[in-house]
Amino acid sequence: MWKLVLALSLFTSSMLSAETKVLAFSGSTRTDSINKKLVTEAGNLAKQLGATVTFIDLKDYPMPFYDGDIEKEQGMPNDAKRLRQLLIQNQVIFIASPEYNGSLSAVLKNALDWASRSEDGGSSRDAFKGKKFVLMSASPGQGGGTRGLAHLRSIIEGIGGTVISQQFVVPNAFEAFDSQGKLKNPQAGSELKQIVQQAIQ
């Protein structure tokens with residue numbers, strides 16, 4: 001009997017994961033970004049657990065810095081619309097944020113600012129409300145990017161998103177990934193997998 005219960009539990013867990021849509025991106029646009037490596041690792045783990053994962057690069061979504069005059073005169077930029085729709089269409093959002101001067105990157109903050117607007121020029125929580133956000137950071141420093149994640153968490157929660165309690169940081173990150181972009185430390189990989197599993201189920 002217990003085998004049947006276990007099988008049903010595993011089947012149900014798999015079905016839940018399969019129904020979960022994940023959007024994954026980094027707050028860095030640098031080609032060889034350690035945060036791109038980290039969010040790719042997390043997204044691939046989510047795929048292995050049965051989720052549908054969409055990876056994007058913010059470099060492919062260029063948009064001007066948020067300006068009320070631009071919004072009033074020209075409307076929301078097309079790339080801001082594209083990003084906002086992706087946030088709306090996915091249930092779980094993975095963000096790997098670099099730490100720039102103790103905070104998040106300008107390109108990430110700007111993307112969130114535009115996404116928190118509606119296409120008719122008003123404030124909107126549609127891209128954030130009801131979404132689960134998984135925050136992570138890879139940094140060459142000892143802190144692993146924790147100061148930047150504190151700011152990012154505050155912003156996302158302030159615009160309606162739900163940030164899961166666990167976050168994942170990689171200190172000394174230039175030495176943390178192998179030539180394939182995977183985490184070298186098995187314990188770190190296991191911890192990341194647990195966080196991913198918690199988020200998508």
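Predicted model: local features only at pLDDT ≥ 70, side-chain atom pairs only at ≥ 80, totals over all residues.
Local features need pLDDT of at least 70 and side-chain atom pairs count only at pLDDT 80 or more, while totals for chains, interfaces and linings use all residues. Residues are numbered from 1 along each chain as its sequence is written, and side-chain values use heavy atoms, with hydrogens and water left out.

Helices (H or I, at least four residues) and strands (E, at least two) are DSSP runs, numbered from the N terminus.

There are eight salt bridges in the structure, each a side-chain nitrogen of Lys or Arg within 4 Å of a carboxyl oxygen of Asp or Glu. In one of them, Arg-82 pairs with Asp-79, the closest N and O atoms being 2.5 Å apart. These two are three residues apart in helix α4 (residues 78-89), so about one helical turn separates them. Asp-79 is buried at 19% relative accessibility, whereas Arg-82 is partly exposed at 40% (buried is under 20% relative accessible area, exposed over 50%, partly exposed in between, with a 1.4 Å probe and protein chains only).

Glu-99 and Arg-147 also pair up, with closest N and O atoms 2.8 Å apart. That bridge ties together distant parts of the chain, 48 residues apart: Glu-99 is in the loop between β3 (92-96) and α5 (106-115), and Arg-147 is in helix α6 (residues 146-158). Arg-147 is exposed at 53%; Glu-99 is partly exposed at 21%. As for Asp-32 and Lys-37, their closest N and O atoms are 3.6 Å apart.
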